[in-house]
Amino acid sequence: LDSGAYSVELDEAPDPPERSETERLKAIEIIQTFWGASHLSLNYEGLQRHPENTGLVVETYTSATAQFLVDIQNNMVVFMQTNTVSEGISTTSTEPESLKEIVREFILARNPCFERSEAQLELEEGNKGSNYFFRWRSPQPNVDRPWNQPTFIQVGIHEEGTVFSYIDSGICYLESQ
């Protein structure tokens, strides 16, 4: 390495084998429920590591408007990113002051671990123009991740109420950390 540079070594278990077609069909149903559209057409892309938690192996699915990652251990959507802000999941159009509560309800409806974990998490709010971000994160660093990144769940929502981003880096596993 050059002077002043550093390296990070990740100790990862090998990826498990591909899941069965039946398990992948169940994951597609879960994504369709998450998105709120039983007709959402999805393509299976394969296995990978969660971009915010390399300890989680996820299946990647894409639609015409978004990418989804499903945790293969608990079969939950742990990542959703739309191609554009306008292509997201519509919620009640609202004022920016009430976006936090809309996002909280959005998470509660889609992640059963959030309610039991919320008391352990700290809320951080921010925005970039008309896009707002709400991140609930553990106050404790996770020493098993590069740079000790804490576990978090984050939602990106446009001021008009369209959810365009969802990231869960493993709040269902907080109790085991």
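I begin with a term: a disulfide is here a pair of cysteine sulfur atoms within 2.5 Å. By that criterion the structure holds 1 disulfide. Before I describe it, two remarks on the source. This is a predicted model, in which local features need pLDDT of at least 70 and side-chain atom pairs count only at pLDDT 80 or more, while totals for chains, interfaces and linings use all residues. Residues are numbered from 1 along each chain as its sequence is written, and side-chain values use heavy atoms, with hydrogens and water left out.

Which cysteines does the disulfide join? The partners are Cys113 and Cys172, with an S to S distance of 1.9 Å. Cys113 lies in helix α3 (residues 112-117) and Cys172 in the segment after β9 (162-168), so the bond ties together parts that are 59 residues apart in sequence. Helices (H or I, at least four residues) and strands (E, at least two) are DSSP runs, numbered from the N terminus. Because the torsion about the S-S bond of Cys113 and Cys172 is about 100°, the disulfide is right-handed.

For accessibility, buried means under 20% relative accessible area, exposed over 50%, and partly exposed in between, with a 1.4 Å probe and protein chains only. Cys113, at 5%, is buried, and Cys172, at 15%, is also buried.

I turn to the salt bridges. The term denotes a side-chain nitrogen of Lys or Arg within 4 Å of a carboxyl oxygen of Asp or Glu. The whole structure contains 8 of them. One of these pairs Glu18 with Arg24 at 3.9 Å, N to O. Glu18 is partly exposed at 45%, whereas Arg24 is buried at 16%.

In another, the closest N and O atoms of Arg104 and Glu118 are 2.9 Å apart. This pair links distant parts of the chain, 14 residues apart: Arg104 is in helix α2 (residues 99-110), and Glu118 is in the loop between α3 and β6 (122-128). Arg104 is partly exposed, at 23% relative accessibility. Which residues are linked in a network of salt bridges? They are Glu101, Arg104, Glu105 and Glu118.

Finally, Arg137 forms a salt bridge with Glu122, with 3.7 Å between the closest N and O atoms. Arg137 belongs to strand β7 (residues 131-137) and Glu122 to strand β6, 15 residues apart. Both residues are partly exposed, Arg137 at 21% and Glu122 at 38%.
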